[in-house]
Amino acid sequence: MSQEKQVQSMIDVMSKFIALFAKKLPDDVEKKLEELSKHETSPLAKSVYETMFLNQKLAMELNRPCCQDTGVLQFFVKAGENFPYLGKIEHILTQAVIDATVNAPLRHNSVETFDEYNTGRNVGTGTPTIFWEIVPDQDDIQIDGYMAGGGCSLPGKAMVLMPGAGYEGVTQFVLDVMTSYGLNACPPLLVGVGIATSVETAALLSKKALMRPLGTHNTNERAAAMEKLLEDGINSIGLGPQGISGNASVMGVHIENTARHPSTIGVAVSTGCWSHRRGHIRFDKDLNYTITSHSGVSL
Amino acid sequence: MSKKVLTTPIKVEDLKDIKIGDVIYLTGHIVTCRDVAHRRLIEYGRSLPVDIAGGAIFHAGPIVRKIEGTKDKYEMISIGPTTSMRMEKFEKEFIKQTGVKLIVGKGGMGQGTMDACKEEKALHCVFPAGCAVVAATQVEEIERQEWMDLGMPETLWVCRVKEFGPLIVSIDTHGDNLFEKNKIVFNQKKDAAITEISKHVSFIK
């Protein structure tokens, strides 16, 4: 097949994949919501979960996005250095978003800043957003696609603490977000925490943390322990589904970290709403694809 | 318990027995109205192109699709609430000027909206967020649309709905606010959680 045809075939797959994760939540999220709903005891919290599950069923039956805010598309790309279409990826993902906007259909969510007009195509200057990671000696590509909605993006916060504030300060920072903006961000939330040097490094890590499948833990023992402490602590606040109070608050807490400057602790929080629309797909060098986030689906 | 259904135009006496935490439904009309529409009315003094006295607004930006073969008819695909707090800055004055009786959105609203709901007799309710297909199937028809220059999410979509809900009452006409009440409890529990976690994370020694 010519390169042009190959590129077009990858655009088609990605466009269909975007439409898929706009209507169906990944397996791990579906399972976690089911589990959390069973722990709720108040009639109001139970009925909210029932409405949520009915919604997911209807979205599949009617073949349409499960939430009206299909977000700004963000892609976390882990590309092998020898993947043959590296230079085409930006074009492929942009065109896939344009196609999915019509086919899914997606809401028009790209407003050019300063000129303040909606492009109507879901792409604009710098959108969709693509974050790159190059993997040596590999020839495949892995893509995490995410719909960054307004509601779940609003609580996003980053700051640089002094080391004196310690991880106690990190704890305070994370929990303050939960009871202020987090409350309105469609709990039960997935909470991503980034710990690094400065605001942008911490912020990117906090978003990357949201791409990790539920039930995975940070490889550092202390960080993993802190994930559990934060999860239990935030759950004890009892935000409940939609913040109307209940027995749980979060689907999980994921921490991603790097080394830091000795004088700073950069910390950031990103939240994912219950309708956590994330999809993971891998293409080999011949563009055969495997979807790992959603089982039993075909594009 | 029978379903409590409000019908537009809503009268003041329809609202007096409704309290925070109640679940109600709406039949009649609801108009999507969010950030820029609020700004146009309150900051720029442009009157809304839809009469919503006794009516309902929905803090929502839907996905709609043009119905093929029509000039300007649209189908509701997916519609769910957006964060109501973004409209807090304008809502008190908005309720006073428009006579709107029901505001549907997501999450809580603040003191201004509480004051206006009490003085003017109006409710703020939450539609379970993210449940946008459920809501879309309750829209019988988009009767018309205004201010389309604002783009798909911000256009005023005039929807005829039947038993639209569940709507969880978050601010009632008596000055009560579900989210503010919850927040007091949440903050107490938060402080306890911080104290507990802090005992275990003294990694810098």
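## Ground rules

Residues are numbered from 1 along each chain as its sequence is written, while chains are lettered from A and ligands numbered from 1 in the order in which they are written. Because the model is predicted, local features need pLDDT of at least 70 and side-chain atom pairs count only at pLDDT 80 or more, whereas totals for chains, interfaces and linings use all residues.

Helices (H or I, at least four residues) and strands (E, at least two) are DSSP runs, numbered from the N terminus.

Most peptide bonds are trans. Two exceptions follow.

In chain A, the bond from Pro187(A) to Pro188(A) is cis, and its omega is near 0°. Pro188(A) sits in the loop between helix 6 (166–179) and strand 7 (189–196).

In chain B, the bond from Gly165(B) to Pro166(B) is cis, with omega near 15°. Pro166(B) belongs to strand 9 (residues 156–171).

## Positive phi angles

Most residues other than glycine have a negative phi. Which residue of chain A has a positive phi although it is not a glycine? Asp137(A) does, at about 60°. Asp137(A) lies in the loop between strand 4 (129–135) and strand 5 (141–148). Asp137(A) has 7 other C-beta atoms within 10 Å, so it counts as exposed (12 or fewer; C-beta atoms are placed from the backbone).

Trp147(B) is not a glycine either, yet its phi is positive, about 55°. Its place is the loop between strand 8 (139–146) and strand 9 of chain B.

Notes:
A residue is buried if 20 or more other C-beta atoms lie within 10 Å of its own, exposed if 12 or fewer, and partly exposed in between; C-beta atoms are placed from the backbone.
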